[in-house]
Amino acid sequence: MKNSLLFGLIVASLGASMLISLALGRYEIELGTLWQLLVWKCLSVGSAPHDVTLLSNIVFDIRLPRILAVVLVGAALSVSGGAFQAMFVNPLVSPGILGVLAGASFGAALGIMISNSWLGVQLFAFAFGFLAVLAALGVAKIYGKNGSQMILLVLGGVISSSLFSALLSVVKFVADPYNKLPTIVYWLMGSFSAVDMKTLISVAIPLLLSTVILSLMGKYLNILSLGDDDAKALGVRVAWVRNSAILLATLLSTLTVVVAGMIGWVGLIIPHIARFLVGADNRVLLPMCALLGATFLVIVDTLCRTSMSIEIPIGIATSLIGIPIFVLALRNAKKGFV
Amino acid sequence: MSFYEAHNLHFSYNDKVILKGVDLRIEEGSIVSLLGANGTGKSTLMKLFLGLLHPSSGEVMLKGKSLHAYSIKERALHVSYVPQSTQIAFAFCALDMVLMGRIAFESWFKRASQTDITLAREAMERLGIVHLEKRTFQTLSGGEKQLVLIARSLAQGAKILVMDEPVSGLDYGNQLRLLETIMSLSKEGYTFLKSTHFPEHALMLGGYTYALKEGHILAHGLTSKTITETLINELYNTNVALKQTLCGYPVCIPAFVQTK
């Protein structure tokens, strides 16, 4: 009961923040006018507002794709963070644990350097995100025949992350400093400014689907957090569940990089706040992560594009906002991450 | 056909030989205690019986069929594991912990059915812990945690419980209460394979005892016949005397204790 009320509240604030975000920007639209436009466009009721072509262009072609992308990316980062935390039985784990973010950043940087198309960059980011996770799993596999899988996976992730960070530095070093390097650096700070309808359409379905499936895997992730032996004795095919969860979480993380570059901290702090609100049961926690992450990122993105005359890269904003929140969240750490 | 047994079980881990030809037979409804010093392979042996490890050679047979011929789900229907009340990083309530015993029988992506919840509650009721169902697992005492984990096994529906040092970390009162629970469940037809550090506990529960030393079974049989002064001293490298009390019940008395 308490939870459904909470979910209702978060859904309402997500809706509200999306509406406000639609209204705010360089060209400010009054909420009343926005409402009139939305009702007229979507339900064909009422009359068209003044300047309808301009308003439609701003709201539906420019702001809406971006806001929807923000919602999907916020949800994806938070759910994959929450899932990784459950899998690794460690609340300090973030989506980058298996090297996916480092790999995808390297891929994007390489793509920027050698290809001139946006699609090329996205494909590179996607491919190298997966490659980095495969590298981490491979390292774990070499030594992990009998030992503890989790530790080896973490170490594999550390190795893979470091490798791709180093490779990223190489790319930065050799990239053309006037043309390519700024693009790479800017990409790594994360931004939704390049999102258009085409990008949104191509990533929306896999993002939405993986987020929903991963959220629904909650009860299996609960079992994984008991440890492998325990889970196996309960009749769960541990390797299968873990690999599917890793696959989905990796897909989600790489796609966020494809859409918006590197956005740190969301996948680490949102699961903490969600756990604080609804407890550790992943069946409830993961859907809550999705909603909370989406709301959080919509608010941060709106701040990024409206608070100053130039747009603040969102990766910087999430770090600056995320760090103090994380310090506060650590106060709960002593109580066993209730 | 015997109920649950291992024949000539060998196991090595990273070239280190841990079990060297172990035979172990468990009758249905009996309590089998595994005794042995630290690092003699008790936990390994139990993991082999749970199907969590594969033996290097030899086989564990359950009802005449190799344990690995069972699917993981079928196996969970017969054999369950009661771990030491391990540190669990995330907070689940006691009922949810017990419900996890039903996981293999729930359908994908669905929440626990009413049947599953009823089964979980019944299991908790049997152990007298239904009043704890809303409590967070971490806030429970060691004894209560152990009972929640046993309830999980009961909810799982398995009739064989494999317990890894069930009394470790419990205070004296909770130790005795836990042994009593094991005893009464065994009378209801549950089978137990448990490791213990206390020969006295094996003696209290009766049943059968297997003494493990350096990967071999040193002695086995009815607990009352198997646990002798010589065996204890050889297993643990101690100097204790096994004395009968007036009512015929044996107790261990270490040599350093002054007796009349």
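Start with chain B, where six strands line up as an open sheet in the order S6-S7-S8-S3-S9-S10, with mixed pairing. Strand S6 (79–82) and strand S10 (216–222) of chain B sit at the edges with a single partner strand each, so one side of each has no neighbour in the sheet. On average, neighbouring strands of this sheet are turned by 15° against each other, direction ignored.

A word on what you're looking at: this is a predicted model, in which local features need pLDDT of at least 70 and side-chain atom pairs count only at pLDDT 80 or more, while totals for chains, interfaces and linings use all residues. Residues are numbered from 1 along each chain as its sequence is written, and chains are lettered from A and ligands numbered from 1 in the order in which they are written. Helices (H or I, at least four residues) and strands (E, at least two) are DSSP runs, numbered from the N terminus. Two strands pair if DSSP finds at least two bridges between them.

Inside the sheet, strand S7 (residues 160–163) of chain B runs parallel to strand S8 (residues 191–195) of chain B, and four bridges join them. Leu161(B) has Phe192(B) in S8(B) as its bridge partner.

Helix H9 (residues 229–236) of chain B lies across strand S3 (31–35), strand S9 (208–213) and S10 of chain B, running at about 150° to S10(B). Those angles run from 0 to 180 degrees between N-to-C directions, with axes fitted as lines to C-alpha atoms, for helices over the stretch in contact. Contact here means that the C-beta atoms of two residues, placed from the backbone, lie within 7 Å.

Further along chain B there's a hairpin. Strand S11 (residues 240–244) of chain B and strand S12 (residues 250–254) of chain B pair in the antiparallel sense over five bridges, and Leu242(B) stands opposite Cys252(B) in S12(B). Five residues separate the two strands of this hairpin, and Gly248(B) takes a positive phi near 90°.

So much for chain B by itself; what about its meeting with chain A? Chain B gives 27 residues to the contact and chain A gives 26 residues. On the chain B side, helix H2 (72–78) and S6 of chain B are the elements that give two or more residues. The largest share, four residues, comes from H2(B).
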